[in-house]
Amino acid sequence: MKRGARSGPGLGPGFGARARLRAGGRAGQLVERRSGRALLGAFGLCGAFLVVELVARSGVFDEQALPPASAVLARAAEMAVDDGFLDDLWATVAAWLGGLALAVALAVPAGLLLGSLPRLRAAALAVVELARPIPSVALIPLAILVFVEPDRVERSLVCYAALWPILLNTLYGLRDVDPVAKETLRSFGFGPLGVVWRVSLPSAGPFVVTGVRIAASVGLIVAVSAELRAGGDGGLGVYLLDTQSGGGRPDLMVAGACWAGVLGVAANAGLVGVERVLFPQSRPFPKPRGSAPRTPRVALRARPQSPPGSEGAGRGPLDGLDRSGVGR
């Protein structure tokens with residue numbers, strides 16, 4: 001009777017089937033975990049909607065000042081088919097994405113350069129720490145004088161605000177690059193650019209995407225704030241200003257702000273999907289439920305035998321260890 005072929009110790013004919021079952025179980029747990037989070041998020045939104053509706057209907061606040069959540073939701077649905085509002089929304093999205101793309105194009109190469117040259121990084125960090133806390137809104141008058149056009153002003157402010165999270169996350173990611181991998185590539189004849197392209201950038205990639213996610217939220221806030229302060233021909237901030245003219249429409253104002261939140265959520269979800277596709281190794285599978293943590297194995301080395309008559313005579317190699325593997 002022939003024995004089944006084995007490719008290694010402990011790998012029988014059914015090893016592939018067992019591996020597929022384990023992989024399928026992990027994928028199913030991951031899907032279940034994500035669906036559970038989505039369900040909890042839906043419950044949270046419904047709870048917030050109900051609280052706002054009850055507070056607005058209770059009469060504690062003036063309905064003109066705090067519109068009910070149902071009225072805001074109805075106005076937001078109407079705005080989805082309003083051509084004028086969609087034009088303003090697209091103007092904000094175009095300036096926001098343009099400034100964000102410019103920040104990525106500037107911050108990632110600068111982070112790779114500073115992370116690869118320690119002396120240059122030490123000299124530049126002082127400038128970074130000085131410029132980073134300056135609010136972008138405080139630079140609106142200067143941006144108007146320099147760029148003049150409202151679109152260029154808005155893009156420049158978004159770029160300035162989004163630059164620092166991407167740059168700092170790139171630097172933090174380069175700190176975690178395995179130096180052994182870099183030295184291995186150098187020993188094979190790769191130059192500095194080859195090491196950066198093949199080791200540093202892939203290792204720092206998850207940090208860079210996280211920086212872009214943070215910068216996207218900050219950039220959207222700055223884009224709307226710039227439109228509110230500097231004005232312009234169109235944009236979500238300009239639309240919010242128009243809702244307050246002629247007596248004011250708080251329901252339209254809150255509905256427009258909710259659309260800004262929808263943009264932020266959509267951008268974050270898209271970047272999370274990009275991170276999962278480009279860097280799947282940065283998100284390990286969840287552990288099975290009810291699984292006990294593995295106990296680390298203790299490597300035991302046999303102690304040399306003591307000569308007869310000495311203090312350690314008659315003791316075996318494991319006599320100095322208790323049941324937990326720790327010496328007494």
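Predicted model: local features only at pLDDT ≥ 70, side-chain atom pairs only at ≥ 80, totals over all residues.
Residues are described here as buried when their relative accessible area is under 20%, as exposed when it is over 50%, and as partly exposed in between.

The protein chain contains 10 helices and 0 strands, so that, read from the N terminus, its elements follow the order α-α-α-α-α-α-α-α-α-α. Of its 328 residues, 29% count as buried, and the accessible surface amounts to about 21,500 Å², with 64% of that area belonging to carbon and sulfur atoms. Among contacts with a separation of 6 or more, 65% are made by residues 24 or more positions apart.

An unreviewed UniProt entry lists residues 38–56, 89–115 and 252–274 under "transmembrane region". In the model, residues 38–56 are 100% helix and 0% strand, with the end C-alpha atoms 27 Å apart. Residues 89–115 are likewise 100% helix and 0% strand, and the end C-alpha atoms of this span lie 38 Å apart.

The structure holds 7 salt bridges. One of these links Glu-78 to Arg-75, with the closest N and O atoms 3.0 Å apart; the two residues are separated by about one helical turn, because they stand 3 residues apart in helix α2. Glu-129 is partly exposed at 40% relative accessibility, and Arg-132 falls into the partly exposed class with a relative accessible area of 36%.

Several loop positions were also examined. Gly-248 is placed in the loop between α9 (236–243) and α10 (250–278), and counts as buried because its relative accessibility is 18%, which falls under the 20% cut-off. The C-alpha atom of Gly-248 is separated by 9.7 Å from that of Ala-65, although the two residues are 183 residues apart along the chain. Val-148, by contrast, is found in the loop between α5 (140–147) and α6 (150–175), and counts as exposed because its relative accessibility is 60%. The backbone of Val-148 has a positive phi of about 65°, although this residue is not a glycine.

Val-60 occupies the loop between α1 (15–57) and α2 (69–79), and is classed as exposed because its relative accessible area is 63%. Together with Val-51, Val-55 and Phe-61, Val-60 makes a nonpolar surface patch of about 370 Å².

Note on methods. Residues numbered from 1 in each chain as written. Heavy atoms only, no water. Patch = residues over 30% accessible without salt bridge, like charges linked within 9 Å, V, L, I, M, F, W, Y side chains within 5 Å. Areas by Shrake-Rupley, 256 points an atom, 1.4 Å probe, with all protein chains shown as cover. Salt bridge = Lys/Arg side-chain N within 4 Å of Asp/Glu carboxyl O. Helix = DSSP H or I, 4+ residues; strand = E, 2+ residues; numbered from the N terminus. Buried < 20%, exposed > 50% of the residue type's maximum accessible area, 1.4 Å probe, protein only. UniProt positions renumbered as here; feature names shortened; annotations may be inferred. Contact = heavy atoms within 4.5 Å.
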